Amino acid sequence: MKIFNKIILAITLLFTMECASAQNTYQFSLQEAIDYAMENNYDVIYSEKNIEAAKQQMREATAFGLPQINGSIDYTDNIALPTSVIPGDFFGTPGQDTEIQFGTKYNMNAGLFASQLLFSGKYIVGLQTAKIFMEKASIDFFKDKVAVRQQVANSYYSVLSTEEALWVIDTTLAVTQELAEETRMTYDVGFAEETDVDQLELLVADLEASKIYIKNQLGITHAFLKFYLGLSDQDTVILKDNMENLIDLRKNSKIISRHFNYNENVDYASLAKQKEIRWMQVKLEKTNYMPTLAANINVMTNAQRDQWDFFDPGGIWYTSSAFGVSLQIPIWSSGERDAKVKQAKIAFDQITVLEDQLITTLKLQFQTAQNEYINAFTVYKNKEKARKVAEKIFTTTSVKFTEGMASSLDILNTQNQFLSAEQDYINAALSLLKAGEELEKLLTKSINP
């Protein structure tokens with residue numbers, strides 16, 4: 001039994017060590033978190049694969065017009081040679097047909113086939129389209145990184161705001177617990193009412209419930225941040241920045257004075273590339289009216305044997321070769337080519353409509369984001385001032401209560417007022433930071449691939 005217990009203990013220790021090794025602790029400032037996500041976020045990694053795929057598509061399009069060489073080997077075993085019936089007249093025996101078998105039992109053919117495209121409108125347009133696909137993939141990759149940046153930043157802000165709310169609850173709970181204990185002691189010696197004790201204990205219970213709720217919220221916000229960072233749920237993340245510093249950075253960025261140009265917006269750049277692709281589709285359909293010119297050369301060799309001796313150095317192989325040029329000229333398609341061109345033009349017109357819609361939408365989004373940022377900043381300044389006043393009132397009331405100059409009802413009212421002001425301040429700070437991120441996203445200039 002002792003040996004069995006030792007084995008169980010050893011397995012438990014190994015499992016504990018393995019779990020501990022799987023956990024990592026990371027410390028991030030906001031910028032460090034964003035930089036880390038640019039390398040490890042799932043969407044960023046997936047989007048980067050699209051660039052690799054576009055590169056291979058471009059290689060494929062380029063290779064289509066380069067020399068193509070293929071080889072072939074054919075082997076035939078004529079188990080039963082075909083029989084031909086020859087009239088007897090050919091052999092001077094009229095009326096007596098003769099059966100003859102032609103060929104050999106074993107045949108083998110080997111050949112090389114080379115071709116070169118000399119002119120093709122589809123090939124030229126295909127190369128141009130592949131290049132545009134590559135550029136669009138690069139823009140979309142940058143677009144995804146901009147979106148991930150906003151996700152990481154907003155998650156970072158949510159963790160900070162939740163940690164701030166938890167700190168407020170913890171601080172208030174400590175003060176209230178101290179007041180409750182002092183009041184209980186005062187009541188025990190007959191210098192306080194039982195109602196005051198009950199009131200303060202009720203406040204303590206409410207704060208403890210709020211603390212549990214906020215702790216759960218903190219776990220959720222951490223989970224989202226780790227997800228956007230590409231971390232495991234077992235990993236630990238410690239934030240190095242605080243909300244006040246980040247707000248100061250946002251205020252000093254002078255983002256509100258920056259000019260918006262929809263042509264530089266990443267969403268517009270992506271749609272503009274898609275519009276180019278649609279136009280290339282129109283050009284591609286038009287190439288169906290153009291001829292295609294190609295050259296080819298074939299080299300063949302074959303051997304015919306009644307004995308299986310293809311690798312006999314003395315065996316005879318019969319070689320043939322041919323060179324040719326092929327010109328395909330489209331003449332009449334009963335309107336099929338015209339219909340395809342018109343469909344491509346309609347698709348191009350549709351994306352032009354989407355382009356006009358996007359321009360209007362982006363301008364409206366910028367105006368909205370700018371106004372929301374201004375409003376968020378105004379609300380933040382107001383809530384910051386209200387928070388300080390509420391904190392001062394709560395502190396003063398707490399002192400008065402200990403001196404017997406305020407009632408438990410006063411404590412209840414001022415504490416609720418203080419907690420409400422703190423929560424309003426935290427929400428206002430969070431709204432300001434998120435409004436800044438939304439405005440920053442619209443003002444981010446697209447890359448030039």
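Me: Under which definition does a residue count as buried, exposed or partly exposed in this predicted model?
Reply: Buried means under 20% relative accessible area and exposed means over 50%. What falls in between is called partly exposed.

Me: Is Glu201 buried, exposed or partly exposed?
Reply: Glu201 belongs to helix α5, which covers residues 194-229. Its relative accessible area is 37%. Buried needs a value under 20% and exposed one over 50%, so Glu201 is partly exposed.

Me: What distance separates the C-alpha atoms of Glu201 and Thr176?
Reply: Along the chain, Glu201 and Thr176 lie 25 residues apart.

Me: Which residues of helix α6 are buried, and how do they lie around the axis of α6?
Reply: Helix α6 spans residues 243-252, and Met243, Leu246, Ile247 and Arg250 are buried there. Viewed down the axis of α6, these buried residues fall within an arc of 100°, so they line one face of the helix. The face turned away from that buried side carries the exposed residues Leu249 and Asn252.

Me: Against which helices do the buried residues of α6 pack?
Reply: The chain has nine helices and eight strands. Partners of the buried residues of α6 are α2 (30-40), α4 (121-188), α8 (336-402) and α9 (408-443).

Me: What is the strand order of the open sheet, and which strands are at its edges?
Reply: The sheet has four strands with antiparallel pairing, in the order β2-β5-β7-β8. From one strand to the next, the twist averages 15°. Each edge strand pairs on one side only, and these strands are β2 (68-77) and β8 (318-328).

Me: Over how many bridges do β7 and β8 pair, and which residue stands opposite Asn302?
Reply: Strand β7 comprises residues 292-305, and its antiparallel pairing with β8 runs over 11 bridges. In β8, the residue opposite Asn302 is Tyr318.

Me: What share of the accessible surface belongs to carbon and sulfur atoms?
Reply: The accessible surface of the chain comes to about 27500 Å². The share belonging to carbon and sulfur atoms is 57%.

Note on methods: Residues are numbered from 1 along each chain as its sequence is written. This is a predicted model: local features need pLDDT of at least 70, side-chain atom pairs count only at pLDDT 80 or more; totals for chains, interfaces and linings use all residues. Side-chain values use heavy atoms; hydrogens and water are left out. Two strands pair if DSSP finds at least two bridges between them. Helices (H or I, at least four residues) and strands (E, at least two) are DSSP runs, numbered from the N terminus. Axes are lines fitted to C-alpha atoms, for helices over the stretch in contact, and angles run from 0 to 180 degrees between N-to-C directions. Accessible areas come from the Shrake-Rupley method with a 1.4 Å probe; for residues, only the protein chains shown count as cover. Buried means under 20% relative accessible area, exposed over 50%, partly exposed in between (1.4 Å probe, protein chains only). The arc is that of the directions from the helix axis to the C-beta atoms. Contact means heavy atoms within 4.5 Å.
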